[in-house]
Every structure is written in C-alpha cells, then in structure tokens.
Amino acid sequence: MYKSLHVIASMLAWLLAAFFLFGAYGNAFISEENAAAYAAWGYPDWFHYVTAILELAAGLLLVRAISRPYGAALGALVMAAASLTTLLNADYDHAVAPGIVLFVSLAVLALSLAARRLSR
C-alpha cells in the first residue's frame with residue numbers, strides 16, 4: 001500500500017513541479033497579455049515577480065519527498081489566490097486552470113502526508 005501511494009504521490013508531484021516551474025518562468029518573463037491581465041485584476045506592475053518566486057519555490061519544494069508537503073501547500077495557496085482573483089474579477093475563462101491545479105496540489109499534499117505516516 002505504501003509503495004503504490006508513494007509512486008502516485010511522486011508522479012503527481014513531479015507533474016505539479018513542472019507546472020509551477022514553467023509558471024515561474026512565464027511569470028518572470030511575462031507576456032503582454034498576462035501583464036494586461038494582472039493590471040486588469042488590480043495588481044501592481046511588479047506583482048508577477050512575487051508570483052514567479054512563489055511558483056519557483058513551490059516547484060522546487062515539490063521535487064524532494066521530504067519537502068513535498070510544503071511545496072504542495074505553497075502551491076495550493078498560490079492557486080487559491082489565483083482562483084479567488086479570477087472569480088472575484090468575473091474572469092471565468094482564466095478560473096478553470098487554477099482551480100484544477102489547486103485540486104491537484106491538495107491531492108499531492110494529502111497523498112504525501114499519508115505516505116509519510118505510513119512509512120513510520
């Protein structure tokens with residue numbers, strides 16, 4: 001049971017890490033379209049750098065099993081903020097992806113904590 005739980009958590013965590021690392025890159029070197037979205041949501045010009053740093057941290061923490069719960073929790077917080085931002089601004093086209101990633105982040109968090117408990 002522990003082995004399969006660990007494998008599932010690891011696979012999901014690596015996919016999630018890739019998402020956050022690509023997202024960090026995309027927010028560090030932001031496109032004009034995404035810059036316009038940040039402005040429309042009321043964020044200052046520099047806020048995409050904050051998002052990039054948080055996504056980079058989440059992605060890096062997700063890579064190792066020991067830090068995975070922290071990365072999943074941080075990723076969930078970032079995606080909760082993104083979901084809330086898009087929903088409050090009625091930008092429903094952009095709300096789906098953060099909602100899905102929030103769900104996956106919470107799943108990785110739960111699986112990682114369960115795997116950690118079972119390994120004791």
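**Aromatic rings and the overall fold**

Trainee: How many aromatic pairs does the count come to?
Mentor: Bearing in mind that this is a predicted model, the count comes to seven aromatic pairs.

Trainee: How is the pair of Tyr38 and Tyr43 arranged, stacked or edge-to-face?
Mentor: The ring centres of Tyr38 and Tyr43 are 6.1 Å apart and their planes stand at 65°, and because an angle over 60 degrees counts as edge-to-face, that is how this pair is classed.

Trainee: And what about Tyr43 and Phe47?
Mentor: Tyr43 and Phe47 are stacked, with 4.5 Å from centre to centre and 10° between the planes, so Tyr43 takes part in an edge-to-face pair with Tyr38 as well as in this stacked one.

Trainee: Which residues do the ring pairs link into a cluster?
Mentor: The cluster is made of Tyr38, Trp41, Tyr43, Trp46 and Phe47, joined through ring pairs.

Trainee: Are Tyr38, Tyr43 and Phe47 buried or partly exposed?
Mentor: Tyr38 has a relative accessibility of 10% and therefore counts as buried, whereas Tyr43, with a relative accessible area of 26%, is partly exposed, and Phe47 is partly exposed too, at 23%.

Trainee: Switching topic, what is the secondary structure of the chain?
Mentor: The protein chain has five helices and zero strands, so that reading along the sequence gives the pattern α-α-α-α-α.

Trainee: Why would you call it as compact as a globular protein of that length?
Mentor: Because its radius of gyration is 15 Å, which is close to the 14 Å that the globule rule gives for 120 residues. Along the principal axes, the C-alpha atoms fill a box of roughly 50 × 25 × 15 Å, and buried residues make up 35% of the 120 residues.

Trainee: Which residues does UniProt list as transmembrane region?
Mentor: The unreviewed UniProt entry lists residues 7-26, 46-63, 70-90 and 96-115 under that heading.

Trainee: What does the model show over 46-63 and 70-90?
Mentor: Residues 46-63 are 94% helix and 0% strand, with their end C-alpha atoms 27 Å apart, while residues 70-90 are 90% helix and 0% strand, with their end C-alpha atoms 30 Å apart.

Trainee: Where is Ala90, and what is its phi?
Mentor: Ala90 is placed in the loop between α4 (68-88) and α5 (96-118), and its phi is near 55°, a positive value in a residue other than glycine. Most residues other than glycine have a negative phi. Ala90 has a relative accessibility of 46% and so counts as partly exposed.

Trainee: Back to the surface, which residues form a nonpolar patch?
Mentor: Leu21, Leu56 and Leu60 form one, with about 250 Å² of accessible area together. Leu21 is found in helix α1, residues 2-28, and is partly exposed, with a relative accessible area of 32%.

Trainee: Last one: how far is Ala28 from Val50, in sequence and in space?
Mentor: Ala28 and Val50 are 22 residues apart in sequence and 8.8 Å apart in space, taken C-alpha to C-alpha. Ala28 lies in helix α1, and at 26% relative accessibility Ala28 counts as partly exposed.

Methods:
Residues numbered from 1 in each chain as written. Predicted model: local features only at pLDDT ≥ 70, side-chain atom pairs only at ≥ 80, totals over all residues. Heavy atoms only, no water. UniProt positions renumbered as here; feature names shortened; annotations may be inferred. Helix = DSSP H or I, 4+ residues; strand = E, 2+ residues; numbered from the N terminus. Phe/Tyr/Trp six-rings, centres within 6.5 Å; stacked < 30°, edge-to-face > 60°. Buried < 20%, exposed > 50% of the residue type's maximum accessible area, 1.4 Å probe, protein only. Patch = residues over 30% accessible without salt bridge, like charges linked within 9 Å, V, L, I, M, F, W, Y side chains within 5 Å. Areas by Shrake-Rupley, 256 points an atom, 1.4 Å probe, with all protein chains shown as cover. Salt bridge = Lys/Arg side-chain N within 4 Å of Asp/Glu carboxyl O. Rg over C-alpha atoms; globule rule 2.2 N^0.38 Å.
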